[in-house]
Amino acid sequence: MKLPQLRSKINFLLLIILGFGVISHLNAKQFDQSYIQWKAQQQKHDQQLARQDDQYYLSRPTQQQNVKPVSSSVNISGDKISLNQANLQQLQSLSGVGEKKAQAIIEYRQKHGAFKALDELMNVKGIGPKLLEKNRSRLIL
């Protein structure tokens with residue numbers, strides 16, 4: 001092989017290697033830009049969560065409280081249970097209320113209409129003043 005041909009082949013190989021280097025650099029730059037954009041979105045989302053809950057912190061474990069699933073069709077505020085809209089499972093989450101008492105509450109509600117006062121709950125068979133007082137803070141109409 002002659003020297004000019006060898007140089008042209010070497011130049012060609014160097015050009016290919018340089019081309020791969022430029023392409024990989026552009027890909028790395030694009031990746032970095034995508035990462036920076038993603039990180040900014042995550043930080044924005046974290047700030048929104050922090051505004052909603054002042055106890056929010058991404059890497060701090062929280063103590064789990066007894067969280068019970070609640071149907072979205074039931075109007076509750078916080079830990080409160082609506083006597084007029086709660087389902088069987090939600091009523092059973094009350095202290096001292098099992099399946100039979102929860103069913104009795106629902107049947108009373110169906111027969112007599114919506115509760116007008118919390119004290120009306122004592123008209124349900126099996127529910128007395130002690131049970132009502134034990135759960136009064138969790139109940140709403």
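Colleague: Which residues are linked in a network of salt bridges?

Modeller: Asp119, Glu133 and Arg136 are linked in such a network. In general, side chains of opposite charge can pair when their charged atoms come close. Here a salt bridge is a side-chain nitrogen of Lys or Arg within 4 Å of a carboxyl oxygen of Asp or Glu. By this rule the count comes to two salt bridges. This is a predicted model, in which local features need pLDDT of at least 70 and side-chain atom pairs count only at pLDDT 80 or more, while totals for chains, interfaces and linings use all residues. Residues are numbered from 1 along each chain as its sequence is written, and side-chain values use heavy atoms, with hydrogens and water left out.

Colleague: What are the N to O distances in the salt bridges of arginine 136 with aspartate 119 and with glutamate 133?

Modeller: For aspartate 119 and arginine 136 the distance is 2.6 Å, N to O. Aspartate 119 sits in the loop between H3 and H4 and arginine 136 in the loop between H4 and strand E2 (139–140), so this pair ties together parts that are 17 residues apart in sequence. For glutamate 133 and arginine 136 the distance is 2.9 Å, N to O. Aspartate 119 is partly exposed at 43% relative accessibility, and so is arginine 136 at 29%. Buried means under 20% relative accessible area, exposed over 50%, and partly exposed in between (1.4 Å probe, protein chains only).

Colleague: How many helices and strands does the protein have?

Modeller: There are four helices and two strands, and from the N terminus on they run α-β-α-α-α-β. Helices (H or I, at least four residues) and strands (E, at least two) are DSSP runs, numbered from the N terminus. Of the 141 residues, 18% count as buried.

Colleague: How is an aromatic pair described?

Modeller: By the distance of the ring centres and the angle of the planes. Rings of Phe, Tyr and Trp (its six-membered ring) pair if their centres lie within 6.5 Å; planes under 30 degrees apart count as stacked, over 60 as edge-to-face and the rest as tilted. By this rule the count comes to two aromatic pairs. In one of them, tyrosine 35 and tryptophan 38 have ring centres 5.9 Å apart and planes at 35 degrees, so the pair is tilted. Both lie in helix H1 (residues 3–52), and being three residues apart there, they are separated by about one helical turn. Tyrosine 35 is partly exposed at 42% relative accessible area, as is tryptophan 38 at 45%.

Colleague: Where is lysine 130, and is this residue buried or exposed?

Modeller: Lysine 130 lies in helix H4 (residues 129–135) and is exposed, with a relative accessible area of 73%. Its C-alpha atom is separated by 9.9 Å from that of glycine 96, 34 residues apart along the chain.
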